[in-house]
Amino acid sequence: MLVCRSLSILLAAAQFAGVAGAEERTVDPRPFGFDLAPGALRAGKGEIVTTSDAAGQPAMGRIHARIGEGAVILLPDGQLVARPAGQFAPSDRPFQPLDKDALKARLLEEFPGFKVAHTGHYVYVYDSSEEFALATSRILETMLSDKTGLKAFAENQKLTVHEPATLLVAVMFRTDEEFQRYRRMPDGVVAYYHTLSNRVFMYEQAANGGARADLALQQSIATIAHEGAHQILHNIGVQQRLSLWPMWLSEGLAEYCAPTSTDARLRWKGVGVVNDMRMFELEQYIKSNAAAPPSGELIDHTVLAARLTSTGYATAWSVVHYLAKNKRAEFAAYLREVAALGPFEGATEITPPGIVRGNRALFIKHFGDDFAGLETKLVLHLKKQPYADPFAGAPHLVATLLAGDARRPQRQANTFHSRELAEKWLDDSLAKLPADQRASATPALRLFPNRAAAENYARQWLAGK
């Protein structure tokens, strides 16, 4: 699976320093990327100030947060910048975001040789193919503007939402090399949302390592929609920029809001529609662990995590999907509480081995502490969800296990996309057999060209044919 890496927190959460006081906290904004001394945190109230932009030119800004005598300021192009005392002053002039033409001109100066385009809420700068740029722009604008989009979802949770304060920017590079030259990212990252600049960055994924070109593009588009969801949620009032949400909610909600199709037409499918990529990964995980009953550890580990693996992203999506569909009142109340977090507030107390204990306490407050029972219901919920397997045309393995005697044979079979998961299922299933049957049991793996052929064989084998 491709990695989606949101820089909505940058690398700050793991290093964040906050000291609680009776009425204010001292925070160090430097791990977030701001060259500003630690100081007392005070919420911004939208005060308008005069300051300078990145080029040193005079600009109007809006206070996002005050830290000591300095401030984090929103500029007309959507970027957040740090300004120490003396580099900003109150103003009675209105805050005016850059218009499309001015923003386009600025982006072309920053990215010479690129093209620019726009939709209602976005400006796109790209040197990717026109087809990729068009698919991306259609998905992002629809997610924000559609009457069933992210704003409507947030309003259904009784959250106060608003139009973005500035135009949103998406930067599309043609190649991974260009993408990495602009900002070095870990291998596998194809897109990210950068909170300070308020931009989504991406590159046009090409087939590699023998992967199908169409599947690689579908995976890339799914990641782009995920990062676009982060950008939208941070700009319509759901998640304040620089707030530190529990990782499972931040990433799970982005996945919940951003499912894309895996067929020939690349499009956004709608908030809450089954996320095919994540559903596939979870199906494989659930199958490989089918020999053991749900223990609650999967949910517990996901809720506590300060960082997520690929399976963690999938689990986070599944938890959000289950709660949003089956615990609607509780989920809405939880979301409203987390949405009230301001800049530099939230999941800041990270302890070894990379967990946030406060996340569990907040989760239990709204959903209870029966993690095993919740995980059992979650697995049942997932098994009922229809989805389009993005790897249906790829080779699949059938794992079979024959045990017992000739008079009463016991047959088990399952299909997998991954040999590692198939072997794990066989090992776990063997371990569950009585000791006297284990030695004579017959495990086997057979490879088939696609999922349909594998499932057909599995059905016939279970029937003894």
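**Close-up views of a predicted model**

**View 1. An open sheet of 5 strands has mixed pairing.** The strand order is β9-β10-β11-β13-β12. At the edges stand β9 (115-118) and β12 (191-194), each of which pairs on one side only. Neighbouring strands are turned against each other by 20° on average, direction ignored. Strands β9 and β10 (residues 122-126) run antiparallel and are joined by 4 bridges; V116 has V125 in β10 as its bridge partner.

**View 2. Strand β6 is buried on both faces.** In β6 (residues 70-74), 5 of the 5 residues are buried. G70, V72 and L74 lie on one side, with A71 and I73 on the other.

**View 3. Strands β5 and β6 form a hairpin.** Strand β5 (residues 58-67) runs antiparallel to β6, and 5 bridges join the two. I63 stands opposite I73 in β6. The strands have 2 residues between them, and G68 in the turn has a positive phi of about 60°.

**View 4. Strands β6 and β7 form a hairpin with 5 residues between the strands.** Here 4 bridges connect β6 to β7 (residues 80-83), and the strands run antiparallel. The bridge partner of V72 in β7 is A82. G78 in this hairpin takes a positive phi near 95°.

Notes:
Residues numbered from 1 in each chain as written. Predicted model: local features only at pLDDT ≥ 70, side-chain atom pairs only at ≥ 80, totals over all residues. Heavy atoms only, no water. Pairing = 2+ DSSP bridges. Axes fitted to C-alpha atoms, helices over the stretch in contact; angles between N-to-C directions. Buried < 20%, exposed > 50% of the residue type's maximum accessible area, 1.4 Å probe, protein only.
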